[in-house]
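Subject: Structure handover

Dear colleague,

Here is the structure I promised to pass on to you, together with some notes on what was found in it. Please keep the sequence and the 3D view open beside you while you read.

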Amino acid sequence: MNLPKDPYDLRKVLRELKNDPGQYHETNKVVDPNAELAGVYRYIGAGGTIERPTKEGPAMMFNNVKGFPKSRVLIGIQASRKRVGKILHHDYRTLGRFLKDSVEHPVTPVIVSRENAPVQEVVHKASDPDFDIRKILPAPTNTPLDAGPYITMGVVMGSNPDKTMSDVTIHRMVLEDKDTIGMYIMPGGRHIGHFQKEYEKLNKPMPITINIGLDPAITIGCTFEPPTTPLGYNELNVAGALRQEGVQITKGITVDEMAIARAEYVIEAEIMPNQMMQEDINTHTGFAMPEYPGYDGKATQVNVVKVKAVTHRKNNPIMQTTIGPSEEHVSMAGIPTEASILEMVDKAIPGKVKNVYNPSCGGGKLMSIIQVHKENEADEGIQRQAALLAFAAFKELKTVWLVDDDVDIFDMNDVVWTMNTRFQGDQDIIVLPGMRNHPLDPSERPQYDSKSIRFTGMSCKTIIDGTVPFDMKDQFKRASFKKVDDWQKYLD
């Protein structure tokens, strides 16, 4: 087997980032993983919809984590769209199209032996008398109210019972005791949940691996959802396409499932059939952890996952984590959503949508800004068709903002400017009540609007049309300035 001499993994990405000033910072100061680590990074680089003050800043490595002398914790590697562009060696403004093309041109994973799987250098089996995952894995809490230490960047790999389909997804997972994890599988959501229901019908545990410390191409690629990646499409193929090299996977040691060979940690485990537990059984705070809309998620009933083993690299393994409402979630959830919308509109109305951006204010999921090009009068109204296609492509989308192609969709000042100069409230707002959305939005509850929200997770979806009517384009020309090619010399 001809494997790449320097294959992509988290460590290779970090070596590249270290050569780019302002993108990476590490510290040897002692930090407590219990709320303090996330609290520190909130100020330095989290961004997103986190409580202010916060800002976009470097990825950060904590080398001295209290209670874990041989481990490190990395946070925020994707907490900047521009940094994601650098990591993927692509223009940050067209990452949505880059991911769309990667879905359409998959590169399948490559199976390697244990000798070529650095994540299996050290093995801790749950059968060992002193095994305790909470002492092996430096999983942080985001806030003092969290239900416990959370795995927030763990890619779950699983298959259907007859091993004809496999999938990877990210779930919130809390360490409940020495060999038990509580996993939240959103109803009707990920393919892992579909497979798990098949196992439950057979009353059999579902073998999985939880892979932590990964090349961001994997953590971004695996967040695609139907219809872009239908049941049976393993999103590791997307990561392979992004790197033009197959993701290396290897057989689990204690479970019948594959693991990502160049991860930093792998948890081998089983989702128990027909067993649930209360997420905050240890804290009784009523909360889980901060979620992407910017609020603490409510603790709920979660699937019981029994750990069989933890494997990791020998030299200072890296625990990768994120803060729920941070800019990092926007990168992981938002860019694949942009790709899904582009895939839909390119087929239905080719050439009309120039670009799509899912901004931080929507957590990457709740809002899309769609840039539309109108060439003639027959294109008037096509912008609203694009919005409907976006809602069809991604059911968790709540708001679509439509703008012309002279608007910078990555600058919210420019986007909101359209609402003040190219918009009339009685003409350009379209509302679609009684639609399905995401239960983590706290406004989607019957007590908020009993008429259109019959059950939690329903919503009124909104289109804000900030485009100029085609027959009035001459009346909305922006002030045009002289083009100066050598303007930078004036900064010398």
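This is a predicted model: local features need pLDDT of at least 70, side-chain atom pairs count only at pLDDT 80 or more; totals for chains, interfaces and linings use all residues.

The crossing of α4 and α8 is right-handed. On the α4 side the contact is made by Phe98, Leu99, Ser102 and Val103, while α8 contributes Val238, Ala241 and Leu242.

**The buried side of α2**

Helix α2 spans residues 36–44, and within this helix Leu37, Ala38, Tyr41 and Arg42 are buried. These residues lie on the same side of α2, because the arc that they cover around the axis is only 140 degrees. What do the buried residues of α2 pack against? Their partners are β2 (59–62), β3 (72–75) and α3 (81–88).

**Around Thr141**

Thr141 sits in the loop between α5 (133–136) and β6 (150–151). Is Thr141 buried or exposed? Its relative accessible area is 8%, and buried means under 20%, so Thr141 is buried. If its neighbours within four places in sequence are left aside, Thr141 is in contact with Pro33, Asn34, Ala35, Ala38, Asp146, Gly148 and Pro149. Ala38, one of these contacts, is also among the buried residues of α2.

**Backbone details to look at**

Ala35, another residue in contact with Thr141, is placed in the loop between β1 (24–27) and α2. Although Ala35 is not a glycine, its phi is positive, at about 75 degrees, and with a relative accessible area of 15% this residue is buried.

His89, in the loop between α3 and α4, is likewise a residue other than glycine with a positive phi, here near 55 degrees. With a relative accessibility of 52%, however, His89 counts as exposed.

Finally, please look at Pro53, which is found in the loop between α2 and β2, and at the peptide bond that joins Arg52 and Pro53, which is cis, with omega about 5 degrees.

Key:
Residues are numbered from 1 along each chain as its sequence is written. Side-chain values use heavy atoms; hydrogens and water are left out. Buried means under 20% relative accessible area, exposed over 50%, partly exposed in between (1.4 Å probe, protein chains only). Helices (H or I, at least four residues) and strands (E, at least two) are DSSP runs, numbered from the N terminus. The arc is that of the directions from the helix axis to the C-beta atoms. Contact means heavy atoms within 4.5 Å. A crossing is left-handed if the near helix is turned anticlockwise from the far one by less than a right angle, and right-handed if clockwise.
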